Structures are given as C-alpha cells and as structure tokens.
Amino acid sequence: TKSSSREFDLYARQTYIDNIMRGGYPQVFKFGKSETVYYLYSRKHGDLERDYNKFEIQPAYFSQGNGNYRDVNQNRRMDTWFNPEVKDENLVYFFSLLQADGFNPLVVRGARFIIKDQQYLKSVLTDIFIGDDVGRVAAYLAKPFTPGDLALFIEESKIKLLISEDEAIRVLLSHSFKTQEAQHGEGFWTDHWTYNLDLIDNYLGVYPEKLRELIFEKKVFTFFDNSQIVQPRSAKYTLYNGKPRQLKSVVECVEKQELIKSRKDRPNVVRVQYGKGEIYQTTLINKLVCLMSNKLASLDPFGVGIEMEANKPNWYDALNGLPALFGSSLSETL
C-alpha cells in the first residue's frame with residue numbers, strides 16, 4: 001500500500017499479514033484465458049489460550065488447512081482490495097455455502113480439483129509427460145487432487161516433464177474445475193451470514209460497474225446440502241429440572257445422510273428433483289431473498305432479535321448458554 005501516510009501503509013501491511021495467517025494467501029494460476037484462485041496457508045486461528053482451536057496444515061507444496069466459516073470469511077473480505085485478481089472468488093464461495101435454511105457448515109476445508117474431461121486429458125498429458133508416465137499421471141488425476149499433492153506425486157514418482165513443473169500445474173488446472181470442501185462441525189451460529197455482506201460491499205468498491213451482473217445475471221451460486229437439520233420447536237422445547245429450556249436443537253437426519261452419501265461427486269451441493277437430479281444453480285438475488293426470508297421468520301416473539309435457534313449464539317463465546325435460554329440477538333437484525 002502506497003499513500004501519503006507512512007502510518008497507514010504500515011497498518012495496511014500488518015493487517016494483511018494477520019489476514020493471511022487465517023484467511024490464507026491467494027495464489028492465482030494463469031494459463032491462456034483460464035484463471036484459478038487458490039488460497040495457500042488458510043487455517044483456523046489457533047490462539048494459544050483456546051486449545052480447542054486445533055488446526056492442520058497439509059504437508060505438501062501449496063499447503064492448505066482447515067478453518068471455520070466466520071474466521072476465514074472475515075480474513076478474506078478485504079482481499080479484493082489487496083489483490084484485485086481475486087475478483088468475486090470469495091463472494092461466490094461463501095454465499096454458495098449458505099444452505100436453503102439460511103445456515104451454513106462450520107468447517108471450511110481446502111479446495112480440490114477435478115479434471116473436466118477425462119477422455120481429452122490423455123492428449124493434454126502427452127504434451128507434458130513422456131511414455132508410460134502419461135498413463136501414471138492420468139490414473140492419478142482420475143480422483144480429486146490438489147496442486148501440492150500433484151507436485152509431490154510427480155517428484156516422488158521421479159516423473160520427467162517436457163515443461164516446468166509450475167507450467168504443468170497451470171495447464172492441468174486450466175482443464176479442471178475447483179470444488180471447495182466443507183463439513184458441518186457443530187450447531188449453527190446466528191451471525192455467520194453477516195460477513196457475506198462485507199464481501200458484496202468490498203467487491204462493488206472495486207468493481208462498481210458489475211452490480212447488475214453480480215446480483216441478477218451471474219447464475220453460478222449453489223446451496224450447501226447438510227444432513228444436520230434444525231428441529232421444530234415441538235421437538236426442542238422441553239422442561240429440564242422443572243424449567244423451560246431449548247435443547248438438542250440440531251440433529252442428524254439419517255434419510256438425508258444416506259441421500260448425500262449416494263452422490264458420486266460434490267455430495268454436499270443441493271440438487272433438483274428432490275436431491276437426485278442436476279446441481280441447482282441460481283443468482284445472488286435469489287440467495288439473498290432466501291436468506292432474508294429465513295432470518296425474518298426467525299425473529300423472536302418481540303420481533304426484535306434473531307433467535308438463537310440452532311444450539312449456538314453469535315461470535316461472542318461467553319454467550320454459549322443463551323440458546324438454551326431462548327436467547328436472541330439484535331445485531332443480526334440490524
């Protein structure tokens with residue numbers, strides 16, 4: 001950052017370092033007209049006073065880790081300003097992790113890649129590898145892969161290349177599509193979705209001319225499919241030691257779990273035809289209306305705060321007991 005204020009420049013630099021520690025560093029792989037944004041080092045924050053925040057970093061080149069939805073989201077929300085090549089990458093990703101009920105999975109995992117056309121792959125590989133190595137690499141790429149794992153496979157298998165390793169990875173990523181992986185974790189927090197509004201603001205701050213395209217025309221958004229569901233009040237409102245409480249609000253739906261397991265690829269993405277058809281894609285305006293409808297339907301009896309109806313409060317960990325006490329929160333309403 002270059003400005004008339006040295007203090008501001010140093011502040012921006014330090015802030016970006018902090019963001020990279022959790023949100024990761026966006027590496028852009030380019031080949032021809034193809035561009036792929038891939039976050040390195042992204043992980044959970046691992047504060048020393050919170051020993052429950054364990055994280056893992058992939059032991060490979062281009063390493064990734066596991067993080068939580070809110071953490072990774074808030075640490076990437078300024079990335080479009082720091083690196084305009086990121087464009088709407090995070091916006092599409094985090095909005096697509098929102099479920100049809102307005103909630104989202106907790107654990108955000110790294111990205112993996114799947115070859116678009118396995119039949120065409122062989123002709124691509126003959127320009128990169130020699131002889132029998134073409135078949136070995138093709139077999140390896142039959143499953144989802146990461147750039148780091150691929151680089152290690154080439155290195156450990158002593159495979160020779162006709163081009164540089166970096167160039168080979170760029171070529172192969174240009175023939176792949178990216179799948180972002182996530183898993184439920186525990187409960188649903190009331191405020192995770194609010195960080196997505198910052199993603200919209202920051203994207204339009206750099207690309208204001210893309211407002212109409214982003215909201216109404218870009219039909220690439222999906223819904224996360226989760227086998228964990230929020231129980232109706234009749235099932236979670238109970239008497240505990242003679243006092244009314246809201247307990248066990250989120251449970252596993254076995255039928256939904258089996259449906260998700262039956263899918264061969266991208267199992268946690270909502271399909272049409274009652275979950276058995278093609279992946280459902282929509283526009284951002286539809287996701288926003290769906291989100292707004294869910295949240296307004298979740299207002300407390302006073303019409304003031306959004307109810308903590310799914311075992312978890314918002315970001316403030318000291319409030320973890322409030323969901324059992326029928327808690328609600330005003331800040332999400334605002």
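Analyst: The secondary structure of this predicted model comes to 15 helices and 11 strands, where helices (H or I, at least four residues) and strands (E, at least two) are DSSP runs numbered from the N terminus. The protein is as compact as a globular protein of its length, because its radius of gyration of 22 Å is close to the 20 Å that the globule rule gives for 334 residues; the radius is taken over C-alpha atoms, and the rule is 2.2 Å times the number of residues to the power 0.38. Buried residues account for 45% of the 334 residues, with buried meaning under 20% relative accessible area, exposed over 50% and partly exposed in between (1.4 Å probe, protein chains only).

Since the model is predicted, local features need pLDDT of at least 70 and side-chain atom pairs count only at pLDDT 80 or more, while totals for chains, interfaces and linings use all residues. Residues are numbered from 1 along each chain as its sequence is written, and side-chain values use heavy atoms, with hydrogens and water left out.

Not counting residues up to four places away in sequence, Asn73 touches Phe94, His192, Tyr195, Asn196 and Leu199, a contact being heavy atoms within 4.5 Å. With one of these, Asn196, the side chain of Asn73 also makes a polar contact of 2.8 Å; such a contact is a pair of N or O atoms within 3.5 Å, and within protein one must be able to donate a hydrogen and the other to accept it, while residues adjacent in sequence count only if both atoms are side-chain atoms.

Asn68 is found in strand β3, residues 67-68, and is buried too, at a relative accessible area of 13%. Leaving out residues up to four places away in sequence, Asn68 touches Lys44, Leu106, Val107 and Val108.

Thr80 has its place in helix α3, residues 79-82, and counts as buried at 7% relative accessibility. Beyond its neighbours within four places in sequence, Thr80 is in contact with Lys87, Asn202, Tyr203, Val206 and Tyr207, and the Thr80 side chain reaches the backbone oxygen of Lys87 at 3.3 Å. Thr80 and Glu209, although 129 residues apart in sequence, are 15 Å apart in space, C-alpha to C-alpha.
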